[in-house]
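Hello,

Here is the structure for you to look over. My notes follow below it.

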Amino acid sequence: MQSIAHSARLLGAWFYYPPGASALEQLDQHLNDGSLAAAWPYAAGAPLLTTLSEARQQPLLEDAYQQLFIGPEALAAPPWGSVYLDPEQVLFGDSHQALKHFLEQETGLALATAQREPLDHFGLLLLLLGQLALEEREDGVNRLLGEFLLPWSWHYLEQLEKHSPHPFYRSLAQLSATTLSQWQVERGVTPIPMRLYR
């Protein structure tokens with residue numbers, strides 16, 4: 001479970017926090033000096049981390065984050081699960097409510113975010129997965145993967161890679177997709193079949 005805890009928390013931070021955030025300083029330092037690639041728990045991800053490090057140095061990363069995760073234009077690849085899982089493609093939809101119930105009733109966790117924002121943000125879900133794995137909550141890890149992450153995440157990552165204006169986020173999407181596959185194999189999780197509406 002430590003390999004999931006380590007990789008999920010790192011990937012989640014890159015998706016959730018904007019470039020230049022203090023929460024990313026140490027992570028970016030380990031990315032740049034190569035120690036992160038050397039310590040990555042899944043061999044298939046190490047070359048992608050090298051590519052990610054090179055892409056991190058390219059200009060306009062902050063602009064790309066704004067375009068992909070904030071707006072003001074419509075997001076080409078929204079990072080929230082309910083956009084893909086709910087027929088109306090809305091935030092805070094039924095799938096979001098199911099996730100909230102899972103967090104409160106099944107795991108006893110309640111995510112405290114800085115603002116009223118959807119809890120099914122891809123980065124937040126990865127951070128939560130990392131925390132559950134760190135605490136050795138096997139049932140919680142398996143349910144979060146099978147019910148709330150895997151059913152839509154590969155499609156989201158394909159859209160992110162396709163629409164990203166910056167090589168960093170294209171590389172991050174590739175690394176995340178590879179790592180999701182590793183987690184699925186490691187835990188033996190079969191995603192619940194769900195229709196995607198976007």
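The second largest pocket is lined by A5, H6, R9, L10, A13, Y17, A23, Q26, L27, H30 and L127. Bear in mind that this is a predicted model. The pocket's volume comes to about 230 Å³. Helix 1 (2-16) gives the largest share of its lining, five residues. Helix 1 and helix 2 (25-32) each supply at least two of the lining residues. By type, the lining of this second largest pocket holds seven nonpolar residues, three polar and one charged.

Helix 2 has a buried and an exposed side. Its buried residues are L27, D28 and L31. They lie on the same side of helix 2, because the arc they cover around the axis is only 95 degrees. E25, Q26 and Q29, on the other side of helix 2, are exposed. The buried residues of helix 2 pack against helix 1, helix 3 (35-39), helix 4 (46-56) and helix 10 (167-187). After helix 2 comes G34, with a positive phi near 85 degrees.

Helix 7 (residues 94-106) can be checked for length. Its 13 residues, at 1.5 Å a residue, should span 18 Å, and the end C-alpha atoms are 17 Å apart, which agrees. Buried in helix 7 are S95, H96, L99, F102 and L103. Seen down the helix axis, these buried residues fall within an arc of 115 degrees, so they line one face of helix 7. D94 and Q105 are exposed on the other side of helix 7. The cover over the buried residues of helix 7 includes helix 6 (81-85), helix 8 (122-134) and helix 9.

L144 lies in helix 9 (residues 138-163). Is L144 buried or exposed? L144 counts as buried because its relative accessibility is 0%, and the cut-off for buried is under 20%. Leaving aside neighbours within four places in sequence, L144 is in contact with L99, F102, L125, L128, L129, L132 and L149. Among these, L99 and F102 are also buried residues of helix 7. L128 is 16 residues from L144 along the chain, and the C-alpha atoms of the two are separated by 8.8 Å.

Regards

How values were computed:
Residues are numbered from 1 along each chain as its sequence is written. This is a predicted model: local features need pLDDT of at least 70, side-chain atom pairs count only at pLDDT 80 or more; totals for chains, interfaces and linings use all residues. Side-chain values use heavy atoms; hydrogens and water are left out. Helices (H or I, at least four residues) and strands (E, at least two) are DSSP runs, numbered from the N terminus. Buried means under 20% relative accessible area, exposed over 50%, partly exposed in between (1.4 Å probe, protein chains only). Contact means heavy atoms within 4.5 Å. The expected span of a helix is 1.5 Å times one less than its number of residues. The arc is that of the directions from the helix axis to the C-beta atoms. On a 1 Å grid over the protein atoms alone, a cavity is a set of points where a 1.4 Å probe fits but cannot get out, and a pocket is an open set with protein on both sides within 12 Å along at least five of seven lines; lining residues have an atom within 4 Å of a point. Grid points are joined across faces, edges and corners, and a volume is the space filled by probe spheres set on the points. Ala, Val, Leu, Ile, Met, Phe, Trp, Tyr, Cys and Pro count as nonpolar, Asp, Glu, Lys and Arg as charged, and the others, Gly among them, as polar.
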